[in-house]
Amino acid sequence: MLKTGCFLLIALIASAHAAVPSLKVLIAKSLSNVVVEGMDLHKTIHTLKKSQQYRGRKSISFNCRPQLRKKLTVQSSPLLIASLSSPTGLISWGKHKYQGELHLLADPKTERCDLVNFIPLEAYITTLLAKEMNGTWPLEALKAQAVAARTYALDRVRKSHGGKLYDLESSEKDQVSGTFFDATEKTLRASKETEGEILIGPSGKIAPAFFHSKCGGKTLRPDQVWGGVEEGYRSVNCTFCQKTGMKDWNAKLQNKKLVDMVDQVLKKYYSDKIIDHNIKIMPDSLHNSELRIYAGDRLHIVKKSYLRNLAGRGILPSNNFIMSNKNQEIHVEGQGYGHGVGLCQLGALELAKRGYDYRQILSFYFPRHKIKTAYQQ
Ligand SMILES: [Zn+2]
């Protein structure tokens, strides 16, 4: 165990320099107190324009509120308070160990701190694979995920042009990354063997690469879920995830609840509203990404994904569902888990088990995209 840890330590730190881009990942929000620890820590307090180097092991505590009070009158958006790094390349926050730097942001609205990890992209990918997939999954599935996650992250870095306090969040909103000890030899290998590789769209531009847990039979295009068109996406039939993960699911809603949800969706996304509360759902199928609903004699067409955003994944686990009126209730029958766009992770697992390599897996879910090497050490 110790030997494996040492191997990882050396290998991960070795991968943490040269031409690999870094990204800023929001790892925690709304903290009232932050304690950071490390060897020979280097601390910069940006608000005071002061830097300090500590010798040996040091623990530094930040109380976020007083830091903010000094700046409240002039600052309304989050502010970079401090940056901390260690020449060892590792730094701890509580029990968690991170590579790269930790940045402390203060949010005047909450009077609390947010914590950002400034980390080399390849190191980020090695920890993410263990969280977004599983460090024990087949190597080729992990490599497919590595390319998709790297593409997503690099796209976000490029869009923020380095000007934002963070590029993405470690959460299901973006993608979930881990800490230093989440990486395994396999995730490290998956990252190394695809180093710098990203997906590009038919026009040659970096493509925002999306992925999800289980499509349930068919993947969706970004425009079917979020409304914005991303080039090159196609909906593909995926039977490979059927036997694993979440079973087909169902839910029941009261008529009134659906009326309320549809009304909110119409107001938020369509500048419309429900006038007649007498609703009738038109015959639906899994192929429809939109629901057709009569409210009185007016037909409304709403994206199923917008209803899911509102209902939450506890009620509607995926966007792949059929909704119908039954007596005084609404019945929902669905398949899969997640938004359904791009790479289906459980499908990739099955394809890897059947001997597909990561390039074949990616070309199955992204048939019009190509793999390109964006950087190398
Ligand atoms: Zn699938």
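## Domains, zinc site and salt bridges of a predicted model

The domain assignment divides the protein chain into domain 1 (2-182), domain 2 (196-244 + 339-373) and domain 3 (249-334), with bounds that come from an automatic or database domain assignment. This is a predicted model, in which local features need pLDDT of at least 70 and side-chain atom pairs count only at pLDDT 80 or more, whereas totals for chains, interfaces and linings use all residues. Residues are numbered from 1 along each chain as its sequence is written, and side-chain values use heavy atoms, with hydrogens and water left out.

The centres of domain 2 and domain 3, taken over C-alpha atoms, are separated by 27 Å. Their contact (heavy atoms within 4.5 Å) takes 11 residues from domain 2 and 8 residues from domain 3. The size of an interface is often given as the accessible area lost when the parts come together. Between domain 2 and domain 3 about 710 Å² is buried, 42% of it on carbon and sulfur atoms; buried area here is the accessible area (1.4 Å probe) that two parts lose on being put together, summed over both. The count of salt bridges between domain 2 and domain 3 is 0, where a salt bridge is a side-chain nitrogen of Lys or Arg within 4 Å of a carboxyl oxygen of Asp or Glu.

The zinc ion is coordinated through the SG atoms of C215, C238, C241 and C344, at 2.3 to 2.4 Å. Donors are N, O and S atoms within 2.8 Å of the metal (3.2 Å for Na, K and Ca), and water is not among the atoms, so sites may look incomplete. The arrangement is tetrahedral because the 4 donor atoms subtend angles of 104 to 116° around the zinc ion; four donors count as tetrahedral if all angles lie between 85 and 135 degrees. Along the chain, the donors of the zinc ion follow the spacing C-x22-C-x2-C-x102-C. C215 lies in the loop between β13 (211-212) and α6 (222-225), and C344 lies in strand β20 (residues 343-344), so the pair ties together parts that are 129 residues apart in sequence. Helices (H or I, at least four residues) and strands (E, at least two) are DSSP runs, numbered from the N terminus. C215 is buried, with a relative accessible area of 3%, and C344 is buried at 0%; buried means under 20% relative accessible area, exposed over 50%, and partly exposed in between (1.4 Å probe, protein chains only).

W226 is found in the loop between α6 and β14 (249-254), and this residue is partly exposed, with a relative accessible area of 36%. Not counting residues up to four places away in sequence, W226 touches F210, Y306, H339 and V341. W226 and V341 are 115 residues apart in sequence, yet their C-alpha atoms are 9.8 Å apart in space.

A search of the whole structure finds 16 salt bridges, and the table gives some of them.

| Salt bridge | Closest N and O atoms |
|---|---|
| K173 and E169 | 3.7 Å |
| R189 and E193 | 2.6 Å |
| D223 and R221 | 2.9 Å |

Salt bridges that share partners join E140, K143, R189 and E193 into one network.

Technical notes: Four donors count as tetrahedral if all angles lie between 85 and 135 degrees; four count as square planar and six as octahedral if opposite donors are over 155 degrees apart and all others between 65 and 115; anything else is irregular.
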